[in-house]
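Hi,

Here is the structure I promised to pass on. Have a look at it first, and my notes follow below.

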Amino acid sequence: MTMEYNLTELMACVSSRLLEDNTSVLVGTGLPLVSASLAQKLHAPNLLVIFEAGAIGARIPTIPISVGDSRTCHKAVMAASMDYVMSCAQLGFTDYAFLGAAQMDMYGNLNTTVIGDYDAPKVRLPGSGGGNDAGSLCRRTILLMRHDRRRFVAKLDFLTTPGYITGPGAREEAGLPANSGPYRVVSQLGVMDFEPETKRMRLISVHPGVSVEEVLENTGFELLVHDEVTVTEPPTREELDLLRNEVDSAGIVIGRS
Amino acid sequence: MKILEEGRGELLGWMDPDEARSWMTENKSRGLEDKRMSMVEAVSRFTRDGDYFALGGFGHIRVSMAAIYEMIRQGRKGMTMAAKTAVHDIDVLIGGGVVSRVDCAYAFGHELRGLSPTGRRAVEGGKVKVVGEISNAGFQWRFKAAAMGLPFMPTRSMLGSDTLRMSSSKVVEDPFTGKPLCLLPACYPDFVFMHVHRCDIYGNAQIDGIIIEDGELARAAKRLILTTEEIVDTEEIRDHPDRTAVPFYLVDAVVEVPYGSHPGNMPGLYYSDEEHMAEWLRLSRTDEGVEEYMDKYVRSVGDFPEYIELVGGAEKMEYLRKLEKLEVPLEAPWARR
């Protein structure tokens, strides 16, 4: 059976499946919100959703516009502070962080600050926000990115949030917490992990109808390819119904593809 | 401690802890005084051109919009904003000509609504300068250092990034572990406006929902002006002292402003006004549009109650209350395709 879905819906479904029940996730604004909310409504009802502004353990009723708005506190277990949430992340309580960016390199380093020269930027982006803290302090970072050569780049214009920085051992050398760093990248073309020896990004699955070549052509750096690249399971009817009717019924995020 | 690296960002709002102690001792009264005043008086007494300031809340959540509009009306300029998650607040302040320099954790964006046309245009055109980068947690820990009367707060965040390189932090060798550690300098803004759910005439304040970083920021502020949805009897505060988020001795002024976070969200009371946000985002695509907005909603408006009437009055406020309570579905005109 074939089903109609757009690429944003595909990314939301695929990334939500990465979130296991009874784990904790620090969620950023936009698509990560949709993805975490879907996971909570489907296979991970006890997913501990944490927002940087201070809400802990919400049952997300409908998509929040801000990671600090009242929706993030709906049926939560605690309305805390940024200090509380970020201290807990620094202490090791946050399993996953969910982030997006304007640019990413092969070590999963992210740019959300400027495109072009820092002092005379072509595009000024919002900056770190809680992104750097999430990427620094959470155990595993999941990155949600549109896949093209402008975004998957050989060299970032600005390293806002550290991934594996320059490769194996670089995070520890910089002083970042041990056993932390990027875990998966989900794009509209496939899913990538980070090869354990080199910490370089590696293609592990392609989405239905996408070839390995197409992924490589859309990547601005040398992407490693797993020996056995699988084909991603397409979104299910149940996932799509939940996305469209409950998670983001106004189509604010998923309707924008 | 051995210094391993120093950020190049401008160090703003820092004081030697002894200087900070003297300032707080001499300028903050421990007396119970009626601190009520008008918005006009609060802005004219506590804000100066060129000041370094921060705002409570979260950019478009529990923000002191009345203070923002009044700063624009009084023609404040040349200010540097501590953009610790600045969203609609900084957008309007940049559009209104108040802010020309930004100490940046998050700005020039509107979260789910996308990037901010005004903020981007101002930075890309050179009208507004970013003088430093930091992370959100980093900024609130700067306030925490100040709140504790310490010169800095250590963190394991920001290490190995350009965010750190463009911040005012330093990396040192931790004397206990020998590992690199980021030290965030204390930050004492010249003034802070903070919107709260309720407080008494002395400034004892309650905040419903997440407090974000306002517990730290209230203590870090050299001048703290509360805007409040309502002023309550001090006995209401004393009946529930566990609910006090800000005690009176931190507070310099109290201004009663119902719906004072509009068009932002006020947790538990009203949701953000997305129709108004869409109008701002549409108009702010051009400098002319920004002027049109300022004329319509800020400069030609006498006070906040008049503004609330202008944006839809009681009917609109009732709709936003229902939206907050999830009784009506969210409409997001800015997302229309």
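**What I found**

In chain B, β9(B) pairs with strand β10 (residues 205–206) in the antiparallel sense over 2 bridges. Strands pair here if DSSP finds at least two bridges between them, and helices (H or I, at least four residues) and strands (E, at least two) are DSSP runs, numbered from the N terminus.

Before the rest, some housekeeping: this is a predicted model, in which local features need pLDDT of at least 70 and side-chain atom pairs count only at pLDDT 80 or more, while totals for chains, interfaces and linings use all residues. Residues are numbered from 1 along each chain as its sequence is written, and chains are lettered from A and ligands numbered from 1 in the order in which they are written.

**More on β9 of chain B**

How buried is β9(B) (residues 191–199)? Of its 9 residues, 8 are buried, so the strand is largely enclosed by the rest of the structure. By "buried" I mean that 20 or more other C-beta atoms lie within 10 Å of a residue's own; 12 or fewer makes it exposed, anything in between partly exposed, and C-beta atoms are placed from the backbone.

**An open sheet in chain B**

Then there is an open sheet of 4 strands in chain B, in the order β1-β7-β8-β6 with antiparallel pairing. Its edge strands are β1 (3–6) and β6 (152–155) of chain B, each pairing on one side only. From one strand to the next the twist averages 30 degrees; axes are lines fitted to C-alpha atoms, for helices over the stretch in contact, and angles run from 0 to 180 degrees between N-to-C directions.

Between β1(B) and β7 (residues 170–173) of chain B there are 3 bridges, antiparallel, with Glu5(B) opposite Val171(B). Helix α6 (residues 136–147) of chain B packs on this sheet, touching β6 and β8 (180–185) of chain B, and its direction makes about 140 degrees with that of β6(B). For contacts I used C-beta atoms, placed from the backbone, within 7 Å.

**Chain A: a helix and a histidine**

In chain A, have a look at helix α2 (residues 31–41). As 10 of its 11 residues are buried, the helix is largely enclosed by the rest of the structure. Leu31(A), Val34(A) and Leu38(A) are among the buried ones. The cover includes α1 (7–17), β5 (96–100) and α7 (237–247) of chain A, among other elements.

Where does His207(A) lie? It sits in the loop between β13 (201–206) and α6 (212–217) of chain A. His207(A) counts as buried because it has 23 C-beta neighbours inside 10 Å. Leaving aside neighbours within four places in sequence, His207(A) is in contact with Leu10(A), Leu189(A), Gly190(A) and Thr232(A). Thr232(A) is 25 residues away along the chain, yet the two C-alpha atoms are separated by 4.7 Å.

**The two chains, whole and together**

Chain A has 7 helices and 14 strands, and chain B comes to 13 helices and 13 strands. Buried residues make up 60% of the 257 in chain A and 57% of the 337 in chain B. Chain B has 20 Å, in agreement with the value near 20 Å for its 337 residues.

As for the interface, 52 residues of chain A are in contact with 54 residues of chain B. On the chain A side, the elements giving two or more residues are α3 (82–91), β9 (121–124), α4 (131–137) and α5 (170–174) of chain A. That side divides into 24 nonpolar, 21 polar and 7 charged residues, where Ala, Val, Leu, Ile, Met, Phe, Trp, Tyr, Cys and Pro count as nonpolar, Asp, Glu, Lys and Arg as charged, and the others, Gly among them, as polar.

Cheers

Note on methods: Two residues are in contact if their C-beta atoms, placed from the backbone, lie within 7 Å. The radius of gyration is taken over C-alpha atoms; the globule rule is 2.2 Å times the number of residues to the power 0.38.
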